[in-house]
Amino acid sequence: MLVSGGYRIECVADSPQIWSGGNGTGQLHAHPWREKVRHWLGINDNTHRGATPACTKQYAEAVELYKKTDMTIPEIAGACHVSPSGFKQHLRFYHKNILEQKRKKRSEAQARPEKKRGELSGNGRTYKPSLRTEDKYAKALSLYKDTALTLKEIAERTHVTAEGLRSYLHKWHIDLVRERAGLSGKAEGGLDLRKSKKRMKTVAAKYEKAIGSLRKHPRPIAHAAKEFGLHPETFREYLHKHEPELANRQGMVQTSEGKRMSRQSKEKYAEAIRLYGTTTETLKDIATRLGLTYNSIGGYIRRNHPEVINAHSTLLIEKDEKSVITSK
């Protein structure tokens with residue numbers, strides 16, 4: 001209630017009513033000061049409170065993007081064609097709850113020990129390479145995915161530095177690096193790829209033709225290595241590590257008993273085996289006469305030709321029997 005100039009002014013149902021102050025009859029009547037009092041009290045002063053419909057419509061798409069994605073305010077403003085500063089002010093005035101949610105999300109991201117690509121970082125930006133960096137290494141990345149070229153060759157072709165490309169790949173495309181190194185599964189922290197004894201994509205490409213040739217035409221590994229310009233021992237080691245079945249089949253032959261043996265050893269010891277199985281000459285004398293190592297030929301015959309040992313034993317028994325008969 002306000003008292004001014006002998007009149008009592010009361011607000012009833014948000015509308016000021018003016019009563020005469022003389023006789024106290026409470027008769028309601030119009031007064032020239034009515035509108036002035038209403039403006040002074042801030043009632044129906046024709047001032048809009050809150051966001052205007054036009055403003056709400058203008059920023060509606062931008063607000064939804066800010067709520068549902070991790071895009072920054074400048075990125076959203078550019079995508080929705082609105083003013084970044086105006087959009088930011090609109091959020092501060094009318095969407096404080098969304099800003100508070102974003103602050104909590106940034107705090108959680110900042111507390112995480114390891115950053116992951118595509119996730120929100122502590123400064124409110126998505127953790128990812130800049131568009132300029134992606135454009136710079138786009139061609140190199142394509143070659144790294146689809147070819148077996150070395151990192152140095154890719155860098156030379158795309159006119160970037162090898163160290164810069166290596167750093168970019170290890171930071172943003174570690175899964176591709178692991179795949180090329182022959183490592184399966186998700187990337188794990190602290191793994192030294194240089195010490196991983198796996199089949200690398202570049203190395204596999206180097207030996208691909210030689211391996212295909214060996215599959216079609218089995219022969220000694222050394223012969224295939226020489227044919228394709230490879231180091232024999234290195235190629236043999238690679239085969240035994242990554243293609244053990246193929247390595248075991250090369251230069252091998254199958255005996256009548258179903259055993260597999262080296263073709264080279266069979267040819268080397270063939271004459272010694274023939275002599276040992278058809279004569280009573282000792283294996284040591286045979287090895288000496290043919291220039292073979294006695295222990296090697298002995299082990300080979302025991303493993304692969306037990307029937308030759310039996311035949312030699314039979315010949316010795318027959319010889320002893322003949323000697324006995326002759327002596328009588």
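**Reading the salt bridges**

Guide: Partly exposed lies between buried, under 20% relative accessible area, and exposed, over 50% (1.4 Å probe, protein chains only). Please keep in mind that this is a predicted model, where local features need pLDDT of at least 70 and side-chain atom pairs count only at pLDDT 80 or more, while totals for chains, interfaces and linings use all residues. Residues are numbered from 1 along each chain as its sequence is written, and side-chain values use heavy atoms, leaving out hydrogens and water.

Visitor: What is a salt bridge, and with which residue does Glu 100 form one?

Guide: The term means a side-chain nitrogen of Lys or Arg within 4 Å of a carboxyl oxygen of Asp or Glu. Glu 100 pairs with Arg 103, with the closest N and O atoms 3.0 Å apart. Arg 103 is partly exposed, at 40%.

Visitor: Where do Glu 100 and Arg 103 lie?

Guide: Helices are DSSP runs (H or I, at least four residues), numbered from the N terminus. Both residues belong to helix α5 (residues 96–111), three residues apart, about one turn of the helix.

Visitor: How far apart are the closest N and O atoms of Arg 166 and Glu 163?

Guide: They are 2.7 Å apart, in a salt bridge. This pair sits in helix α8 (residues 162–172), three residues or about one helical turn apart. Arg 166 is partly exposed at 33%, whereas Glu 163 is exposed at 57%.

Visitor: How many salt bridges are there by this rule?

Guide: The count is six. Among them is Arg 289 with Glu 281, at 2.7 Å from N to O.

Methods. Helix = DSSP H or I, 4+ residues; strand = E, 2+ residues; numbered from the N terminus.
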